[in-house]
Amino acid sequence: MGRPILTLGDRVFIEELRCLKCGHSHAPTKGLYICKRCGGKLDIRYDYEAISEKIGKKELAKRPRGVWKYFELLPLTSRKNIVTLGEGGTPLLEAKNLARKFKLKHLLLKDETRNPTGSFKDRPMSVGVSKAVEFGARAVVSASSGNAAIALSAYAAKAGIRCYTFVPVGASASKLAQLLMHGARVVRAPARGKGDPTYKLMREAWQRFGWHPIPSAGAFNPYQPEGSKTISYEICEQLRWEVPDWVVVPVGAGTLLSGNAKGYLEFERLDLIKGMPRLAAIQAEGCAPLTKAFKEDTPPHEIPTWPNPKTVAGGLVDPYPWDADTALPAIKRSGGTTEAVSDAEILQAQKMLARLEGVFAEPSGAAGLAGLRKLLDAGTVDSSDVIVVEVTGGGLKDVKIAMQLAEKPSVIEPELEQLKRLLR
Ligand SMILES: *Cc1c(COP(=O)(O)O)cnc(C)c1O
């Protein structure tokens, strides 16, 4: 087992990068993204004993909030490589109006819409780009037109490196605008028969041009779940080291959920909390391969690609859940479950979040609340449970959908009589 590397200034706590497929242990060397032996997914392991000497509850309470307050638990060798836009440190909002409506005792919203580019993806991308900078990257590449690519493009802009992204088909106009504004080079590569052409191009560009691959899936970039685990750290701290009964998570590739699970396991290992919450993975009915695999007990590597995905929740469209191999065991281990929700249920949840709690989510970001409603109806979640719903992305990302949901404004002459008539 590799000993932690000591550099001048910062103490580094990474022990090894372990392949989750063949078990091979790698030292944290430059440019490492997948297992050198078998191409499998890597898991970053730390020296938790040494970390627990460095950080405890008191020390954490002293640090300013945000992803990088957990530096010792993140995979960087030097603080000087941090690329930050102020991600993380998001509020855990007490959702009293929604709780009253659903007759719940304790409902909380982890409001990830507050991140710099409007989604939780800023956490993993801050970590991913910082690591690429540490590796000496000149360019980064992604295979997405959604929040992951947007976050990547913003952090690449901040770092002063180029950003390329391969996209399969059209994205929402507002998301594409956000992506292009940050200067990303967007290349369309439509599917022709088998396989995902965007991932193929991304891999080849890494091999041939040396563009560092930073899609949001841990299967291609092991630094991604490391960013997402900080959501769990924050929830524990915000609940004063109590662990909630349930955490409800919208799921596409399963990276966010895998990262969340790792966060609780690590804090438990550091003796900061006891146990972990039950994790509820929520998918859209129009693309629910992970939910189906959970219900049917399909082994992760045998999950078939979802045919013709279709849903308003664009952030959850991952026909093949790349991180199912870590997400499925995590859901089981936590005693959690999965659920799929319809577009109508998602849009209703989006409206409720906005009207009852003042939180404007995009459909993918509201899917968690839609899932919670179903789990309450089924009796899976109890009304006395402490429940955290992760609201993962903001509504300004897809204004077109919101405009379809909202009523049209009324027009009158500027006369009080007309206003009276209108209000009657
Ligand atoms: C990416 C994304 C998700 C799902 O995350 P995965 O890691 O792909 O499971 C959920 N909500 C929003 C808003 C997203 O952008």
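Modeller: The largest cavity is lined by Ile14, Leu17, Pro28, Thr29, Leu32, Lys131, Phe135 and Tyr223. This is a predicted model, in which local features need pLDDT of at least 70 and side-chain atom pairs count only at pLDDT 80 or more, while totals for chains, interfaces and linings use all residues. Residues are numbered from 1 along each chain as its sequence is written, and side-chain values use heavy atoms, with hydrogens and water left out.

Colleague: What is the volume of the largest cavity?

Modeller: A cavity is a set of points, on a 1 Å grid over the protein atoms alone, where a 1.4 Å probe fits but cannot get out, and lining residues have an atom within 4 Å of a point. Grid points are joined across faces, edges and corners, and a volume is the space filled by probe spheres set on the points. By this rule there is one cavity of 30 Å³ or more. The volume of the largest cavity is about 30 Å³.

Colleague: Is Lys262 buried or exposed?

Modeller: Lys262 sits in helix H9, residues 255–269 (helices, H or I of at least four residues, and strands, E of at least two, are DSSP runs numbered from the N terminus). Buried means under 20% relative accessible area, exposed over 50%, and partly exposed in between, with a 1.4 Å probe and protein chains only. At a relative accessible area of 12%, Lys262 is therefore buried.

Colleague: Which residue forms a salt bridge with Lys262, and how far apart are the closest N and O atoms?

Modeller: A salt bridge is a side-chain nitrogen of Lys or Arg within 4 Å of a carboxyl oxygen of Asp or Glu. The salt bridge is with Asp43, at 2.9 Å.

Colleague: Which side chain does a polar contact of 2.5 Å join to that of Glu266?

Modeller: Glu266 is also in helix H9 and counts as buried at 2% relative accessibility. A polar contact is a pair of N or O atoms within 3.5 Å; within protein, one must be able to donate a hydrogen and the other to accept it, and residues adjacent in sequence count only if both atoms are side-chain atoms. The side chain joined to Glu266 is that of Tyr48.

Colleague: What separates Lys292 and Glu296 in helix H10?

Modeller: The side chains of Lys292 and Glu296 meet in a salt bridge, 3.5 Å from N to O. Lys292 is partly exposed, with a relative accessible area of 41%. Because Lys292 and Glu296 are four residues apart in helix H10, the separation is about one helical turn.

Colleague: What is the phi of Arg240?

Modeller: Most residues other than glycine have a negative phi. Arg240 lies in the loop between helix H8 (224–238) and strand S10 (246–250), and is exposed at 69% relative accessible area. Although Arg240 is not a glycine, its phi is positive, about 55°.

Definitions and conventions. 1 Å grid on protein atoms, 1.4 Å probe; cavity = no way out; pocket = protein on both sides within 12 Å on 5 of 7 lines; lining within 4 Å.
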